[in-house]
Amino acid sequence: LMIVIVIVGILSAVALPNFLNQTGKAKATEAKTLTASSAKEAQIAWTEGGQTLLDEWEAEKAAGTNGGCPVATNMFTFACDGADKNAVTVTATGTADSGSLSGKTVVATADVENGGAITYCGDAPGMTAC
């Protein structure tokens with residue numbers, strides 16, 4: 001029985017850090033999804049109406065109405081910047097409730113004028129540095 005307890009303890013010591021790392025990656029995926037959808041909204045605004053609708057996307061973000069930045073969640077707050085049509089950015093920052101992601105960021109950048117390709121960076125697990 002003691003040997004079984006020791007083996008279970010060792011396996012737990014190895015598995016727990018991996019489990020927590022995977023949990024952080026899952027939370028970062030939530031941020032990546034929300035930032036990507038907002039960046040795509042900016043792309044749609046640019047495609048449908050050029051700088052005028054991109055400016056409206058920016059204004060909606062500031063007013064907190066439909067469109068613009070995602071609404072803050074328990075895990076993340078969001079900041080959007082549509083001033084540069086070549087680099088519209090949506091940044092998710094982990095809140096205190098996000099555990100190991102507290103203060104870490106996920107940044108989605110879209111070049112809306114040139115096809116809207118979205119690139120990601122940040123200091124959250126699974127992200128490359130900006």
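Me: What percentage of the 130 residues in the protein chain do buried residues make up?
Reply: The model is a predicted one. A residue counts as buried when its relative accessible area is under 20%. Of the 130 residues in the protein chain, the buried share is 31%.

Me: In what order do the elements of the protein chain run from the N terminus on?
Reply: The protein chain has one helix and four strands. Helix 1 covers residues 2–63, and strand 1 covers 76–81. From the N terminus on, the elements run α-β-β-β-β.

Me: Why is the protein chain described as more spread out than a compact globule?
Reply: Along its principal axes, the C-alpha trace spans about 70 × 25 × 20 Å. For 130 residues the globule rule gives 14 Å, and the chain is more spread out than a compact globule because its radius of gyration is well over that, at 19 Å.

Me: What share of the accessible surface of the protein chain belongs to carbon and sulfur atoms?
Reply: The accessible surface of the protein chain comes to about 7400 Å². The part belonging to carbon and sulfur atoms is 61%.

Me: Which strands are the edge strands of the sheet?
Reply: The four strands form an open sheet in the order 1-2-3-4, with antiparallel pairing. An edge strand pairs on one side only, and this applies to strand 1 (76–81) and strand 4 (118–122).

Me: Which residue in strand 2 stands opposite Phe 78?
Reply: Strand 1 and strand 2 (residues 88–94) pair in the antiparallel sense over six bridges, and a hairpin of six residues joins them. Within this pairing, Phe 76 stands opposite Gly 94. The residue opposite Phe 78 is Ala 92.

Me: Which residues make up the covered face of strand 1?
Reply: In a regular strand the side chains alternate between the two faces of the sheet. On strand 1 the uncovered face holds Thr 77, Ala 79 and Asp 81. The covered face consists of Phe 76, Phe 78 and Cys 80.

Me: How many of the seven residues of strand 2 are buried?
Reply: Strand 2 pairs with strand 1 over six bridges and with strand 3 over six bridges. Strand 2 is mostly covered, and its buried residues number five.

Me: Which residue in strand 3 is the bridge partner of Thr 89?
Reply: Strand 2 and strand 3 pair in the antiparallel sense. Strand 3 spans residues 105–110. The bridge partner of Thr 89 there is Thr 109.

Me: Which residue in strand 4 does Ala 110 stand opposite?
Reply: Strand 3 and strand 4 pair in the antiparallel sense over five bridges. In strand 4, the residue opposite Ala 110 is Ile 118.

Me: Is Cys 130 buried or exposed?
Reply: The structure holds one disulfide, which joins Cys 121 to Cys 130 with an S to S distance of 2.0 Å. The link is right-handed, with 90° about the S-S bond. Cys 121 counts as buried because its relative accessibility is 14%. Cys 130 has a relative accessible area of 68%, so it is exposed.

Me: Which residues does Gln 43 touch, not counting residues up to four places away in sequence?
Reply: Gln 43 has its place in helix 1. With a relative accessible area of 16%, Gln 43 is buried. Beyond four places in sequence, Gln 43 touches Asp 111, Val 112, Gly 115 and Gly 116.

Me: What distance separates the C-alpha atoms of Glu 56 and Gly 99?
Reply: Glu 56 is found in helix 1 and counts as partly exposed, at 42% relative accessibility. Glu 56 and Gly 99 are 43 residues apart along the chain, and their C-alpha atoms are separated by 35 Å.

Me: Which residues does Ala 124 touch, not counting residues up to four places away in sequence?
Reply: Ala 124 lies in the segment after strand 4. At 6% relative accessibility, Ala 124 counts as buried. The C-alpha atoms of Ala 124 and Val 14 are separated by 22 Å. The residues that Ala 124 touches are Ala 28, Leu 101, Lys 104, Thr 105 and Val 106.

Note on methods: Residues numbered from 1 in each chain as written. Predicted model: local features only at pLDDT ≥ 70, side-chain atom pairs only at ≥ 80, totals over all residues. Heavy atoms only, no water. Pairing = 2+ DSSP bridges. Helix = DSSP H or I, 4+ residues; strand = E, 2+ residues; numbered from the N terminus. Rg over C-alpha atoms; globule rule 2.2 N^0.38 Å. Buried < 20%, exposed > 50% of the residue type's maximum accessible area, 1.4 Å probe, protein only. Areas by Shrake-Rupley, 256 points an atom, 1.4 Å probe, with all protein chains shown as cover. Disulfide = S-S within 2.5 Å. Contact = heavy atoms within 4.5 Å.
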